[in-house]
Amino acid sequence: MAYVATRGGARAIDQAERLYRAELGQIDATRVDAVRRALPMLIDRVMGEASLYEPDLAALALAQAGGDLYEAVLLLRAWRTTQPRLAIAEPVRQEQLFTHRRISAAFKDIPGGQILGPTLDYAHRLLATDVLQGRPYCPAPVTPAAIAAPAHQPSLAAWQKAQGLVADPARTEVAPDAIPDLTREPLLFPAKRAHTLQSLARADTGGMLTLGYAAMRGYGNAHPTVNELRLAEAEVRVTHPRGTVFSAGRVKVSQAEVTSKGKSGQLSLGFCATLGWNEVKVISGATLDLNAAAAPKGSPVEEEFFLYHTEPVEASGFCIHFKLPHYVTFQSSLDALRGAKTAAAPQSEQVPT
Amino acid sequence: MFDQAKTDDPPLDHGRLLDVLARADAARLMALAETLLSLLGAVEVVQSRTGLVMLPMRDTVQGTDFHLGEVLVAEAHLRATGGEGYGMIVGRDLERAMAMAVVDAAIACLGQTPAISAFLQSEAAAQAAADTECLRAIEATRVDMETF
(Lines give C-alpha, C1' and ligand atoms only; values in the text may rest on other atoms or scores of the structure.)
Protein backbone atom coordinates (compact mmCIF):
# COMPACT_ATOMS: atom_id res chain seq x y z
CA MET A 1 0.00 0.00 0.00
CA ALA A 2 1.04 3.52 -0.52
CA TYR A 3 0.98 4.53 3.10
CA VAL A 4 4.01 4.99 5.34
CA ALA A 5 4.29 3.47 8.78
CA THR A 6 3.79 6.03 11.53
CA ARG A 7 6.65 5.71 14.01
CA GLY A 8 7.76 7.82 16.89
CA GLY A 9 4.41 9.55 17.07
CA ALA A 10 2.78 7.50 19.81
CA ARG A 11 2.94 10.34 22.30
CA ALA A 12 1.57 12.86 19.82
CA ILE A 13 -1.24 10.50 18.81
CA ASP A 14 -2.14 9.88 22.44
CA GLN A 15 -2.15 13.58 23.25
CA ALA A 16 -4.18 14.37 20.10
CA GLU A 17 -6.88 11.97 21.18
CA ARG A 18 -6.82 13.47 24.68
CA LEU A 19 -7.13 16.96 23.20
CA TYR A 20 -10.18 15.84 21.18
CA ARG A 21 -11.84 14.14 24.13
CA ALA A 22 -11.03 16.96 26.57
CA GLU A 23 -13.61 19.12 24.84
CA LEU A 24 -16.29 16.49 25.44
CA GLY A 25 -15.39 16.10 29.11
CA GLN A 26 -16.76 13.37 31.32
CA ILE A 27 -19.39 11.15 29.74
CA ASP A 28 -21.72 9.55 32.26
CA ALA A 29 -25.13 7.92 32.33
CA THR A 30 -26.81 11.28 33.06
CA ARG A 31 -25.46 12.78 29.85
CA VAL A 32 -26.44 9.75 27.81
CA ASP A 33 -29.94 9.84 29.27
CA ALA A 34 -30.21 13.56 28.50
CA VAL A 35 -29.13 12.98 24.88
CA ARG A 36 -31.69 10.20 24.49
CA ARG A 37 -34.53 12.27 25.91
CA ALA A 38 -33.68 15.56 24.22
CA LEU A 39 -32.80 14.36 20.72
CA PRO A 40 -35.22 11.59 19.67
CA MET A 41 -35.08 12.57 15.98
CA LEU A 42 -31.29 12.36 15.97
CA ILE A 43 -31.36 9.06 17.85
CA ASP A 44 -33.74 7.71 15.21
CA ARG A 45 -31.51 8.92 12.39
CA VAL A 46 -28.43 7.31 13.90
CA MET A 47 -30.23 4.02 14.63
CA GLY A 48 -31.48 3.86 11.04
CA GLU A 49 -28.06 4.52 9.53
CA ALA A 50 -26.36 2.16 11.99
CA SER A 51 -29.03 -0.43 11.21
CA LEU A 52 -29.16 -1.18 14.93
CA TYR A 53 -32.21 -0.35 17.03
CA GLU A 54 -31.27 0.49 20.62
CA PRO A 55 -31.89 4.10 21.71
CA ASP A 56 -29.58 3.99 24.76
CA LEU A 57 -26.63 2.76 22.72
CA ALA A 58 -27.36 5.33 20.00
CA ALA A 59 -27.38 8.07 22.67
CA LEU A 60 -24.10 6.76 24.07
CA ALA A 61 -22.55 6.71 20.61
CA LEU A 62 -23.66 10.30 20.00
CA ALA A 63 -22.32 11.41 23.39
CA GLN A 64 -19.00 9.67 22.80
CA ALA A 65 -18.68 11.07 19.27
CA GLY A 66 -19.63 14.56 20.43
CA GLY A 67 -22.48 14.56 17.90
CA ASP A 68 -20.37 13.55 14.88
CA LEU A 69 -22.95 11.41 13.11
CA TYR A 70 -20.50 9.37 11.04
CA GLU A 71 -18.40 8.56 14.10
CA ALA A 72 -21.55 7.59 16.00
CA VAL A 73 -22.75 5.30 13.19
CA LEU A 74 -19.28 3.73 12.95
CA LEU A 75 -19.22 3.07 16.72
CA LEU A 76 -22.63 1.37 16.54
CA ARG A 77 -21.84 -0.67 13.42
CA ALA A 78 -18.63 -1.85 15.09
CA TRP A 79 -20.34 -2.67 18.41
CA ARG A 80 -23.03 -4.59 16.56
CA THR A 81 -20.43 -7.09 15.37
CA THR A 82 -19.87 -8.16 19.00
CA GLN A 83 -23.44 -9.42 19.26
CA PRO A 84 -24.73 -12.80 18.10
CA ARG A 85 -27.67 -13.01 15.69
CA LEU A 86 -30.39 -14.71 17.74
CA ALA A 87 -33.27 -14.80 15.31
CA ILE A 88 -34.98 -13.35 12.28
CA ALA A 89 -38.34 -11.87 13.17
CA GLU A 90 -41.52 -12.29 11.14
CA PRO A 91 -41.72 -9.76 8.28
CA VAL A 92 -43.42 -6.49 9.25
CA ARG A 93 -46.48 -5.81 7.14
CA GLN A 94 -47.86 -2.35 6.56
CA GLU A 95 -51.40 -3.12 7.70
CA GLN A 96 -50.05 -4.44 11.04
CA LEU A 97 -48.16 -1.27 11.95
CA PHE A 98 -49.27 0.63 15.08
CA THR A 99 -49.69 3.85 13.12
CA HIS A 100 -48.97 7.34 14.50
CA ARG A 101 -48.97 9.31 11.27
CA ARG A 102 -50.29 8.47 7.85
CA ILE A 103 -50.81 10.94 5.05
CA SER A 104 -51.12 11.05 1.28
CA ALA A 105 -50.31 14.06 -0.88
CA ALA A 106 -51.65 12.35 -3.99
CA PHE A 107 -55.13 11.36 -2.81
CA LYS A 108 -57.39 13.40 -0.52
CA ASP A 109 -59.71 10.61 0.46
CA ILE A 110 -57.76 7.51 1.33
CA PRO A 111 -59.26 4.49 3.05
CA GLY A 112 -58.77 5.08 6.78
CA GLY A 113 -58.39 8.83 6.32
CA GLN A 114 -55.47 11.19 6.77
CA ILE A 115 -53.83 11.47 10.17
CA LEU A 116 -51.18 14.13 10.61
CA GLY A 117 -49.72 12.61 13.77
CA PRO A 118 -46.66 14.28 15.32
CA THR A 119 -45.41 16.84 12.78
CA LEU A 120 -44.23 20.42 12.32
CA ASP A 121 -45.47 20.39 8.69
CA TYR A 122 -47.91 23.26 9.16
CA ALA A 123 -46.21 24.94 12.15
CA HIS A 124 -44.29 28.22 12.30
CA ARG A 125 -40.59 27.63 12.70
CA LEU A 126 -39.56 30.21 15.27
CA LEU A 127 -36.47 30.01 17.41
CA ALA A 128 -37.54 30.19 21.07
CA THR A 129 -34.90 32.69 22.11
CA ASP A 130 -36.71 33.32 25.41
CA VAL A 131 -35.25 30.03 26.59
CA LEU A 132 -31.80 31.66 26.60
CA GLN A 133 -33.22 34.45 28.80
CA GLY A 134 -34.22 31.90 31.42
CA ARG A 135 -37.84 31.44 30.33
CA PRO A 136 -38.41 27.75 29.55
CA TYR A 137 -40.37 26.75 26.47
CA CYS A 138 -43.30 24.59 27.59
CA PRO A 139 -45.28 23.03 24.71
CA ALA A 140 -49.07 23.00 25.06
CA PRO A 141 -50.42 19.52 25.71
CA VAL A 142 -52.45 17.64 23.08
CA THR A 143 -56.20 17.73 23.63
CA PRO A 144 -57.07 14.10 23.01
CA ALA A 145 -60.05 13.15 20.87
CA ALA A 146 -63.01 11.45 22.54
CA ILE A 147 -62.40 8.30 20.54
CA ALA A 148 -59.17 6.52 19.75
CA ALA A 149 -57.76 6.30 16.24
CA PRO A 150 -57.63 2.76 14.85
CA ALA A 151 -54.28 1.23 15.79
CA HIS A 152 -53.88 -0.18 12.28
CA GLN A 153 -54.51 1.61 9.00
CA PRO A 154 -55.20 -0.12 5.69
CA SER A 155 -52.57 -0.15 2.96
CA LEU A 156 -53.19 2.51 0.30
CA ALA A 157 -51.08 0.58 -2.21
CA ALA A 158 -53.22 -2.53 -1.68
CA TRP A 159 -56.34 -0.44 -2.40
CA GLN A 160 -54.71 1.03 -5.53
CA LYS A 161 -53.78 -2.45 -6.72
CA ALA A 162 -57.37 -3.59 -6.20
CA GLN A 163 -58.53 -0.58 -8.26
CA GLY A 164 -56.08 -1.40 -11.06
CA LEU A 165 -54.29 1.94 -10.55
CA VAL A 166 -50.91 0.32 -9.95
CA ALA A 167 -49.39 -2.96 -11.06
CA ASP A 168 -49.78 -5.90 -8.71
CA PRO A 169 -46.86 -8.21 -9.48
CA ALA A 170 -47.11 -11.77 -8.23
CA ARG A 171 -44.90 -12.23 -5.19
CA THR A 172 -42.88 -15.25 -4.26
CA GLU A 173 -42.92 -16.35 -0.64
CA VAL A 174 -39.40 -16.30 0.81
CA ALA A 175 -38.58 -17.84 4.19
CA PRO A 176 -37.19 -15.18 6.58
CA ASP A 177 -33.79 -16.90 6.75
CA ALA A 178 -33.60 -16.92 2.95
CA ILE A 179 -34.10 -13.16 2.58
CA PRO A 180 -30.91 -11.74 1.00
CA ASP A 181 -28.86 -10.00 3.71
CA LEU A 182 -26.26 -7.32 3.03
CA THR A 183 -24.63 -7.89 6.40
CA ARG A 184 -23.62 -11.35 5.17
CA GLU A 185 -23.15 -10.96 1.42
CA PRO A 186 -21.83 -8.27 -0.89
CA LEU A 187 -23.94 -5.76 -2.80
CA LEU A 188 -23.73 -6.75 -6.47
CA PHE A 189 -25.40 -5.22 -9.53
CA PRO A 190 -28.01 -5.45 -10.84
CA ALA A 191 -29.02 -5.57 -7.17
CA LYS A 192 -31.69 -7.86 -5.80
CA ARG A 193 -34.65 -5.74 -4.68
CA ALA A 194 -34.18 -7.00 -1.12
CA HIS A 195 -30.59 -5.70 -1.22
CA THR A 196 -31.65 -2.36 -2.67
CA LEU A 197 -34.28 -1.78 0.02
CA GLN A 198 -31.98 -2.96 2.84
CA SER A 199 -29.21 -0.71 1.54
CA LEU A 200 -31.59 2.28 1.41
CA ALA A 201 -32.79 1.49 4.95
CA ARG A 202 -29.15 1.71 6.19
CA ALA A 203 -28.12 4.63 3.99
CA ASP A 204 -26.92 8.09 4.92
CA THR A 205 -29.84 10.52 5.25
CA GLY A 206 -27.90 13.50 3.89
CA GLY A 207 -26.59 11.57 0.92
CA MET A 208 -30.02 10.25 0.05
CA LEU A 209 -31.50 13.74 0.30
CA THR A 210 -28.84 15.13 -2.03
CA LEU A 211 -29.40 12.53 -4.71
CA GLY A 212 -33.17 12.37 -4.18
CA TYR A 213 -33.41 16.17 -4.34
CA ALA A 214 -31.39 16.20 -7.56
CA ALA A 215 -33.93 13.76 -9.04
CA MET A 216 -36.84 15.88 -7.76
CA ARG A 217 -35.37 19.03 -9.35
CA GLY A 218 -35.17 17.40 -12.74
CA TYR A 219 -31.94 15.40 -12.85
CA GLY A 220 -34.02 12.23 -12.73
CA ASN A 221 -36.70 10.77 -14.92
CA ALA A 222 -39.78 10.82 -12.66
CA HIS A 223 -41.18 13.58 -10.45
CA PRO A 224 -42.47 12.19 -7.15
CA THR A 225 -45.72 12.82 -5.32
CA VAL A 226 -46.06 11.24 -1.87
CA ASN A 227 -48.51 8.41 -2.28
CA GLU A 228 -48.35 7.46 1.39
CA LEU A 229 -46.08 8.46 4.24
CA ARG A 230 -46.29 6.56 7.48
CA LEU A 231 -44.66 6.83 10.90
CA ALA A 232 -45.44 3.83 13.04
CA GLU A 233 -44.30 1.25 15.53
CA ALA A 234 -43.70 -2.33 14.40
CA GLU A 235 -43.99 -5.37 16.62
CA VAL A 236 -40.84 -7.50 16.70
CA ARG A 237 -42.48 -10.91 16.37
CA VAL A 238 -40.18 -13.75 17.41
CA THR A 239 -40.63 -17.46 18.11
CA HIS A 240 -40.65 -19.12 21.55
CA PRO A 241 -38.73 -22.44 21.77
CA ARG A 242 -42.14 -24.18 21.87
CA GLY A 243 -43.06 -22.58 18.54
CA THR A 244 -45.36 -19.82 19.81
CA VAL A 245 -44.95 -16.53 17.96
CA PHE A 246 -45.07 -13.43 20.17
CA SER A 247 -44.05 -9.78 20.18
CA ALA A 248 -40.83 -8.99 22.06
CA GLY A 249 -41.74 -5.29 21.89
CA ARG A 250 -42.16 -2.45 19.42
CA VAL A 251 -39.69 -0.39 17.40
CA LYS A 252 -40.28 2.87 15.52
CA VAL A 253 -40.26 2.61 11.74
CA SER A 254 -41.00 4.99 8.88
CA GLN A 255 -41.94 4.23 5.32
CA ALA A 256 -42.85 6.16 2.19
CA GLU A 257 -44.26 5.43 -1.21
CA VAL A 258 -43.92 8.04 -3.93
CA THR A 259 -45.76 7.91 -7.21
CA SER A 260 -45.67 9.25 -10.74
CA LYS A 261 -47.51 8.50 -13.93
CA GLY A 262 -46.01 5.37 -15.44
CA LYS A 263 -45.69 4.51 -19.14
CA SER A 264 -48.11 1.58 -19.03
CA GLY A 265 -51.19 3.66 -18.20
CA GLN A 266 -50.78 2.88 -14.52
CA LEU A 267 -49.14 4.73 -11.66
CA SER A 268 -45.55 3.80 -10.82
CA LEU A 269 -44.55 3.57 -7.16
CA GLY A 270 -41.21 3.86 -5.38
CA PHE A 271 -40.71 2.56 -1.85
CA CYS A 272 -38.35 3.12 1.06
CA ALA A 273 -38.48 2.31 4.79
CA THR A 274 -36.07 2.61 7.69
CA LEU A 275 -35.75 1.98 11.40
CA GLY A 276 -36.72 5.08 13.40
CA TRP A 277 -38.76 8.08 12.28
CA ASN A 278 -36.99 9.90 9.45
CA GLU A 279 -39.26 11.39 6.79
CA VAL A 280 -36.64 13.09 4.64
CA LYS A 281 -34.79 9.81 4.32
CA VAL A 282 -37.73 7.66 3.26
CA ILE A 283 -39.18 10.22 0.82
CA SER A 284 -35.73 10.66 -0.77
CA GLY A 285 -35.16 6.90 -0.84
CA ALA A 286 -38.56 6.20 -2.38
CA THR A 287 -37.81 8.86 -5.03
CA LEU A 288 -34.54 7.10 -5.88
CA ASP A 289 -36.35 3.75 -6.04
CA LEU A 290 -38.98 5.28 -8.35
CA ASN A 291 -36.31 6.72 -10.65
CA ALA A 292 -33.99 3.72 -10.72
CA ALA A 293 -35.96 1.67 -13.24
CA ALA A 294 -35.26 3.85 -16.28
CA ALA A 295 -32.02 5.47 -15.11
CA PRO A 296 -29.23 6.01 -17.64
CA LYS A 297 -25.90 4.37 -16.81
CA GLY A 298 -23.80 6.62 -14.59
CA SER A 299 -26.64 8.97 -13.65
CA PRO A 300 -27.21 9.85 -9.96
CA VAL A 301 -30.51 7.95 -9.95
CA GLU A 302 -28.93 4.77 -11.25
CA GLU A 303 -29.07 2.13 -8.53
CA GLU A 304 -25.33 1.43 -8.51
CA PHE A 305 -24.58 5.15 -8.22
CA PHE A 306 -26.91 5.96 -5.34
CA LEU A 307 -26.44 2.77 -3.34
CA TYR A 308 -22.63 2.89 -3.45
CA HIS A 309 -22.48 6.58 -2.61
CA THR A 310 -24.95 6.68 0.29
CA GLU A 311 -23.38 3.98 2.47
CA PRO A 312 -22.41 6.17 5.46
CA VAL A 313 -19.47 4.21 6.88
CA GLU A 314 -17.85 3.52 3.54
CA ALA A 315 -18.42 7.03 2.19
CA SER A 316 -17.27 8.92 5.29
CA GLY A 317 -14.41 6.48 5.85
CA PHE A 318 -13.17 6.87 2.29
CA CYS A 319 -13.41 10.64 2.53
CA ILE A 320 -11.49 10.98 5.78
CA HIS A 321 -8.87 8.39 4.88
CA PHE A 322 -7.38 11.02 2.60
CA LYS A 323 -6.15 12.74 5.76
CA LEU A 324 -3.85 9.82 6.46
CA PRO A 325 -0.24 9.89 5.22
CA HIS A 326 -0.14 9.46 1.44
CA TYR A 327 3.49 10.48 1.07
CA VAL A 328 4.50 7.51 -1.07
CA THR A 329 1.68 7.91 -3.59
CA PHE A 330 2.13 11.64 -3.63
CA GLN A 331 5.90 11.25 -4.03
CA SER A 332 5.17 9.02 -7.01
CA SER A 333 2.96 11.78 -8.48
CA LEU A 334 5.75 14.28 -7.93
CA ASP A 335 8.22 11.97 -9.63
CA ALA A 336 5.90 11.63 -12.61
CA LEU A 337 5.47 15.41 -12.72
CA ARG A 338 9.23 15.92 -12.63
CA GLY A 339 9.71 13.30 -15.31
CA ALA A 340 7.16 14.98 -17.56
CA LYS A 341 8.71 18.38 -17.08
CA THR A 342 12.17 17.01 -17.74
CA ALA A 343 10.97 15.41 -20.95
CA ALA A 344 9.17 18.57 -22.06
CA ALA A 345 12.05 20.93 -21.27
CA PRO A 346 15.47 19.35 -21.58
CA GLN A 347 17.09 22.32 -19.81
CA SER A 348 15.00 21.22 -16.75
CA GLU A 349 13.75 23.64 -14.15
CA GLN A 350 14.11 23.04 -10.44
CA VAL A 351 11.12 21.53 -8.64
CA PRO A 352 11.22 22.22 -4.91
CA THR A 353 11.73 19.09 -2.84
CA MET B 1 -58.03 1.45 37.44
CA PHE B 2 -55.74 -1.49 36.70
CA ASP B 3 -56.75 -3.43 39.80
CA GLN B 4 -60.22 -3.84 38.34
CA ALA B 5 -59.06 -6.87 36.33
CA LYS B 6 -60.93 -9.95 37.43
CA THR B 7 -59.09 -13.18 38.10
CA ASP B 8 -62.02 -15.17 36.66
CA ASP B 9 -61.28 -13.84 33.15
CA PRO B 10 -60.40 -16.68 30.73
CA PRO B 11 -56.69 -17.55 30.71
CA LEU B 12 -54.63 -15.91 27.99
CA ASP B 13 -53.25 -18.15 25.25
CA HIS B 14 -49.48 -18.60 25.18
CA GLY B 15 -48.82 -16.05 22.41
CA ARG B 16 -50.94 -13.38 24.04
CA LEU B 17 -49.46 -13.89 27.50
CA LEU B 18 -45.93 -13.66 26.08
CA ASP B 19 -46.93 -10.37 24.36
CA VAL B 20 -48.14 -9.06 27.71
CA LEU B 21 -45.07 -10.25 29.63
CA ALA B 22 -42.63 -8.75 27.11
CA ARG B 23 -44.31 -5.37 27.47
CA ALA B 24 -45.08 -5.59 31.21
CA ASP B 25 -43.93 -2.94 33.67
CA ALA B 26 -40.37 -3.93 34.65
CA ALA B 27 -40.69 -3.44 38.40
CA ARG B 28 -44.01 -5.27 38.68
CA LEU B 29 -42.78 -8.12 36.45
CA MET B 30 -39.64 -8.59 38.54
CA ALA B 31 -41.64 -8.48 41.77
CA LEU B 32 -43.93 -11.25 40.47
CA ALA B 33 -40.94 -13.32 39.30
CA GLU B 34 -39.38 -13.06 42.78
CA THR B 35 -42.48 -14.58 44.34
CA LEU B 36 -42.62 -17.40 41.75
CA LEU B 37 -38.95 -18.39 41.80
CA SER B 38 -39.18 -20.24 45.12
CA LEU B 39 -42.08 -22.34 43.75
CA LEU B 40 -40.03 -23.61 40.80
CA GLY B 41 -37.39 -25.50 42.77
CA ALA B 42 -33.99 -25.93 41.15
CA VAL B 43 -33.68 -23.85 38.00
CA GLU B 44 -31.01 -24.14 35.32
CA VAL B 45 -30.21 -21.00 33.34
CA VAL B 46 -29.81 -22.20 29.75
CA GLN B 47 -29.27 -18.75 28.31
CA SER B 48 -29.04 -15.13 29.49
CA ARG B 49 -27.60 -12.77 26.89
CA THR B 50 -28.15 -9.86 24.61
CA GLY B 51 -28.17 -10.34 20.86
CA LEU B 52 -29.64 -9.22 17.58
CA VAL B 53 -32.95 -9.95 15.93
CA MET B 54 -33.08 -9.09 12.25
CA LEU B 55 -36.37 -7.38 11.41
CA PRO B 56 -37.65 -7.96 7.87
CA MET B 57 -40.36 -5.83 6.27
CA ARG B 58 -42.57 -6.35 3.25
CA ASP B 59 -42.27 -3.77 0.48
CA THR B 60 -45.73 -2.52 -0.48
CA VAL B 61 -44.86 -2.02 -4.15
CA GLN B 62 -43.56 -5.43 -5.25
CA GLY B 63 -44.23 -7.46 -2.11
CA THR B 64 -40.51 -8.12 -1.59
CA ASP B 65 -39.44 -9.04 1.94
CA PHE B 66 -36.22 -7.21 2.87
CA HIS B 67 -34.21 -6.59 6.02
CA LEU B 68 -35.03 -3.27 7.66
CA GLY B 69 -32.28 -3.57 10.28
CA GLU B 70 -31.37 -5.32 13.50
CA VAL B 71 -32.99 -4.84 16.90
CA LEU B 72 -31.03 -5.40 20.10
CA VAL B 73 -32.88 -7.76 22.41
CA ALA B 74 -32.29 -9.42 25.77
CA GLU B 75 -32.95 -13.16 25.90
CA ALA B 76 -33.36 -15.59 28.82
CA HIS B 77 -34.03 -19.31 28.76
CA LEU B 78 -34.63 -21.37 31.91
CA ARG B 79 -35.12 -25.03 32.62
CA ALA B 80 -37.08 -26.02 35.74
CA THR B 81 -38.13 -29.49 36.87
CA GLY B 82 -41.64 -29.19 35.46
CA GLY B 83 -40.95 -27.24 32.28
CA GLU B 84 -39.02 -24.51 30.50
CA GLY B 85 -39.37 -20.76 30.47
CA TYR B 86 -38.32 -18.25 27.84
CA GLY B 87 -38.14 -14.50 27.70
CA MET B 88 -37.16 -12.09 24.95
CA ILE B 89 -37.62 -8.35 25.14
CA VAL B 90 -36.58 -5.44 22.95
CA GLY B 91 -33.69 -3.65 24.67
CA ARG B 92 -30.75 -4.62 26.89
CA ASP B 93 -32.45 -5.41 30.18
CA LEU B 94 -31.34 -8.95 31.03
CA GLU B 95 -33.19 -8.88 34.35
CA ARG B 96 -36.48 -8.10 32.65
CA ALA B 97 -35.93 -10.94 30.16
CA MET B 98 -35.05 -13.30 33.02
CA ALA B 99 -38.16 -12.25 34.97
CA MET B 100 -40.26 -12.96 31.86
CA ALA B 101 -38.65 -16.40 31.55
CA VAL B 102 -39.36 -17.13 35.24
CA VAL B 103 -43.04 -16.27 34.83
CA ASP B 104 -43.23 -18.30 31.59
CA ALA B 105 -41.60 -21.26 33.38
CA ALA B 106 -44.01 -20.89 36.28
CA ILE B 107 -46.95 -20.98 33.86
CA ALA B 108 -45.48 -24.10 32.19
CA CYS B 109 -45.05 -25.80 35.59
CA LEU B 110 -47.98 -24.49 37.61
CA GLY B 111 -50.44 -23.11 35.07
CA GLN B 112 -51.97 -19.64 35.28
CA THR B 113 -52.31 -19.45 39.06
CA PRO B 114 -54.62 -16.73 40.48
CA ALA B 115 -51.61 -14.49 41.16
CA ILE B 116 -50.23 -14.93 37.63
CA SER B 117 -53.64 -14.56 36.05
CA ALA B 118 -54.35 -11.37 38.01
CA PHE B 119 -50.97 -9.98 36.95
CA LEU B 120 -51.55 -10.80 33.27
CA GLN B 121 -55.05 -9.30 33.24
CA SER B 122 -53.89 -6.20 35.05
CA GLU B 123 -50.87 -5.66 32.77
CA ALA B 124 -52.96 -6.34 29.65
CA ALA B 125 -55.45 -3.71 30.84
CA ALA B 126 -52.64 -1.22 31.55
CA GLN B 127 -51.14 -1.81 28.10
CA ALA B 128 -54.52 -1.41 26.40
CA ALA B 129 -55.12 1.81 28.36
CA ALA B 130 -51.70 3.18 27.30
CA ASP B 131 -52.47 2.36 23.65
CA THR B 132 -55.89 3.99 23.89
CA GLU B 133 -54.42 7.14 25.41
CA CYS B 134 -51.82 7.29 22.63
CA LEU B 135 -54.42 6.67 19.90
CA ARG B 136 -56.77 9.37 21.28
CA ALA B 137 -53.93 11.89 20.91
CA ILE B 138 -53.30 10.58 17.38
CA GLU B 139 -57.01 10.83 16.51
CA ALA B 140 -56.89 14.52 17.50
CA THR B 141 -54.66 15.07 14.45
CA ARG B 142 -57.08 13.60 11.88
CA VAL B 143 -57.76 16.01 9.01
CA ASP B 144 -60.28 16.24 6.23
CA MET B 145 -58.34 17.42 3.22
CA GLU B 146 -61.53 18.76 1.53
CA THR B 147 -61.82 21.42 4.19
CA PHE B 148 -58.20 21.60 5.27
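Author: In this predicted model, 45% of the 148 residues of chain B count as buried. The overall form of the chain may be described next. Taken along the principal axes, the C-alpha atoms of chain B fill a box of roughly 65 × 40 × 25 Å. The radius of gyration of chain B is 19 Å, whereas a compact globule of 148 residues would have one near 15 Å.

Chain B contains four helices and four strands. Read from the N terminus, its elements follow the order α-α-β-β-β-α-α-β. If one considers the contacts in chain B between residues at least 6 apart in sequence, 57% of them join residues at least 24 apart.

Ala130(B) belongs to helix 4 of chain B. This residue has 11 other C-beta atoms within 10 Å, and because a residue with 12 or fewer counts as exposed, Ala130(B) is exposed. Gly91(B) lies 39 residues from Ala130(B) along the chain, and the C-alpha atoms of these two residues are separated by 19 Å.

From chain A, the core draws at least three residues from each of domain 1 (11–80) and domain 2 (94–117 + 149–315). Val103(B) deserves a separate word. Leaving aside residues up to four places away in sequence, Val103(B) touches Leu21(B), Leu32(B), Ala33(B), Leu36(B) and Ile116(B).

The contact between the two chains comes next. Chain B contributes 52 residues to it and chain A contributes 66 residues. On the side of chain B that touches chain A, two or more residues come from each of helix 1 (14–23), strand 1 (43–58), strand 2 (65–80), strand 3 (83–90), helix 4 (114–139) and strand 4 (142–143) of chain B. Strand 2 of chain B gives the most to this side, namely 11 residues. By type, the residues on the side of chain B that touches chain A comprise 24 nonpolar, 14 polar and 14 charged.

The two chains are also joined through strand pairing. Strand 2 of chain A, residues 85–88, runs parallel to strand 1 of chain B, and three bridges join them. One residue of chain A in a bridge is Ile88(A), whose partner in strand 1 of chain B is Met54(B).

Chain A has 12 helices and seven strands, and its C-alpha trace spans about 85 × 55 × 55 Å along its principal axes. Of the 353 residues of chain A, 35% count as buried. Among its contacts between residues at least 6 apart in sequence, 64% join residues at least 24 apart.

Chain A is divided into domain 1 (11–80) and domain 2 (94–117 + 149–315). The centres of these two domains of chain A, taken over C-alpha atoms, are separated by 28 Å. Where the domains meet, 11 residues of domain 1 of chain A are in contact with 14 residues of domain 2 of chain A. On the side of domain 1 that touches domain 2, helix 3 (40–50) and helix 5 (69–80) of chain A each supply at least two residues. Helix 3 of chain A provides the largest share of that side, five residues. The residues on the side of domain 1 of chain A that touches domain 2 of chain A divide into five nonpolar, two polar and four charged.

Strand 3 of chain A, residues 98–103, is largely enclosed by the rest of the structure, because five of its six residues are buried. Five bridges join strand 3 of chain A to strand 5 of chain A, residues 225–239, and the two strands run antiparallel. Within this pairing, Thr99(A) stands opposite Ala232(A), which is in strand 5 of chain A.

Conventions
Residues numbered from 1 in each chain as written. Chains lettered and ligands numbered in written order. Predicted model: local features only at pLDDT ≥ 70, side-chain atom pairs only at ≥ 80, totals over all residues. Buried ≥ 20, exposed ≤ 12 C-beta atoms within 10 Å, placed from the backbone. Contact = placed C-beta atoms within 7 Å. Nonpolar A, V, L, I, M, F, W, Y, C, P; charged D, E, K, R; others polar. Pairing = 2+ DSSP bridges. Domains from an automatic or database assignment. Rg over C-alpha atoms; globule rule 2.2 N^0.38 Å.
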